[in-house]
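Work through the following exercises with the sequence and the coordinates open beside you.

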Amino acid sequence: MKKPVLIIMAAGMGSRYGGLKQIDPVDEYGHIIMDFSLYDAVKAGFEKVVFVIKRENENDFKEVIGKRIEPFIEVSYVFQEIRNIPAPFAVPEGRQKPWGTGHAVLSCADEVDGSFVVINADDYYGPSAFAQIFDYLTTHEDDEKYQYAMVGYILENTLTENGHVARGVCEIDANGYLKGITERTHIERRGKDTAYTEDDGATWHVIPEGSTVSMNMWGFSASFMRELQAGLPVFLEKGLSENPLKCEYFLPSVVNELLEEKKAEVTVLKSYDRWYGVTYKEDKQNVVDAIQRMKKEGLYPQTLWKK
């Protein structure tokens with residue numbers, strides 16, 4: 001069985017940080033959060049990574065991280081470009097927004113010919129997530145249904161003290177399979193509880209303690225790339241008629257459709273690691289402190305990429 005390829009969605013990094021050169025290191029050696037994901041991936045057994053980036057960021061991206069990791073893992077770059085949609089569809093006048101995470105993954109079709117894992121560029125997932133999902137994809141194949149996987153995190157391990165977050169709250173059946181994901185775009189701590197609002201705080205709904213959420217770490221067989229390809233024209237037909245400037249082809253939405261059609265099963269792999277990310281600038285110090293603590297505990301060496 002071929003080893004899975006790692007896809008890292010990084011096309012949004014330039015706009016979020018004002019240029020890749022401004023990405024803040026999280027230690028004194030110049031590592032960024034992505035370095036730690038890649039280190040964990042290499043340790044788990046991944047041998048190829050595909051970065052989905054903006055074409056204008058290619059040189060900066062190679063300088064910031066690409067060249068550093070090339071001795072340790074095969075590196076490819078693909079560009080998520082707004083004009084890369086099938087005929088007869090055309091980009092609406094005034095549209096600048098990319099087409100979403102499903103389109104980002106589809107951009108990698110020429111670089112991936114087997115199973116693959118998808119992650120965000122700027123989230124810290126932890127070693128157990130990469131080990132579990134690599135093991136799953138190298139021991140499972142599609143049968144009468146597509147066999148996919150998702151790493152789920154304990155909600156309380158993914159929150160920030162500095163504001164609200166968006167998370168996909170998972171519904172899981174008794175056998176550990178995903179039944180569905182509901183996107184909640186405003187989740188925050190409310191005293192002892194964690195709750196979400198959909199009306200700018202007028203009303204709040206408590207999410208049960210210990211709920212599982214998605215941090216966009218997915219494992220797919222090659223079948224998912226084919227499903228993305230087949231679903232894109234259907235999405236464009238509907239999206240361009242209803243919301244031409246902002247509609248997005250979301251990866252979890254495609255997964256939900258396949259679950260509803262009973263074409264796929266998604267095994268939820270549980271990680272009890274804490275998520276780290278810089279949702280707000282105040283989160284930066286928490287990430288720096290956590291990385292230093294994990295280095296002291298021996299989870300990471302001081303410098304990650306020494307031969």
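The exercises below concern a predicted model, and they move from a strand and its neighbours to the nonpolar cores and then to the aromatic rings.

**Exercise 1.** Describe how strand β2 is covered and which strands pair with it.

*Solution.* Then turn to the partners: strand β1 (residues 5-9) runs parallel to β2 and is joined to it by 4 bridges, with L6 standing opposite V49. Strand β3 (residues 74-79) is likewise parallel to β2, through 6 bridges, and here E74 is the bridge partner of K48. Finally, follow the chain through helix α3 (residues 58-69), which together with β2 and β3 makes a right-handed β-α-β unit.

**Exercise 2.** Identify the residues that touch the most other members of the largest nonpolar core, and trace the surroundings of M34.

*Solution.* The core holds 61 residues, of which L6, M34, L38, F46, F51, F61 and M217 touch the most other members. Its largest share, 7 residues, comes from helix α2 (residues 33-44). Leaving aside residues up to four places away in sequence, M34 touches I8, M13, F51, F61, I65 and A121. Apart from this core lies another, of 43 residues, among them V5, I7, L240 and A264.

**Exercise 3.** Classify the ring pairs F72–W305 and Y148–F220, and state where their members lie.

*Solution.* The model has 20 aromatic pairs. For F72 and W305, the ring centres are 5.2 Å apart and the planes stand at 50°, so the pair is tilted. Because F72 lies in the loop between α3 and β3 while W305 lies in the segment after α8 (284-296), the pair ties together parts that are 233 residues apart in sequence. As for accessibility, F72 counts as partly exposed at 23%, whereas W305 is buried at 12%. The pair of Y148 and F220, by contrast, is edge-to-face, with 5.0 Å centre to centre and 85° between the planes.

**Exercise 4.** Which residues form one aromatic cluster with F72 and W305, and over which ring does the charged end of R167 sit?

*Solution.* The cluster consists of F36, Y39, F72, Y124, Y276, Y300 and W305. The charged end of R167 sits over the ring of W275, 4.6 Å from its centre, and that of R184 sits over the ring of Y196, 4.0 Å from its centre.

How values were computed
Residues numbered from 1 in each chain as written. Predicted model: local features only at pLDDT ≥ 70, side-chain atom pairs only at ≥ 80, totals over all residues. Heavy atoms only, no water. Buried < 20%, exposed > 50% of the residue type's maximum accessible area, 1.4 Å probe, protein only. Helix = DSSP H or I, 4+ residues; strand = E, 2+ residues; numbered from the N terminus. Pairing = 2+ DSSP bridges. Right-handed = clockwise from strand over helix to strand, strands pointing away. Core = buried A, V, L, I, M, F, W, Y, C linked by side-chain atoms within 4.5 Å. Contact = heavy atoms within 4.5 Å. Phe/Tyr/Trp six-rings, centres within 6.5 Å; stacked < 30°, edge-to-face > 60°. Lys NZ or Arg CZ within 6 Å of the ring centre and 35° of its normal.
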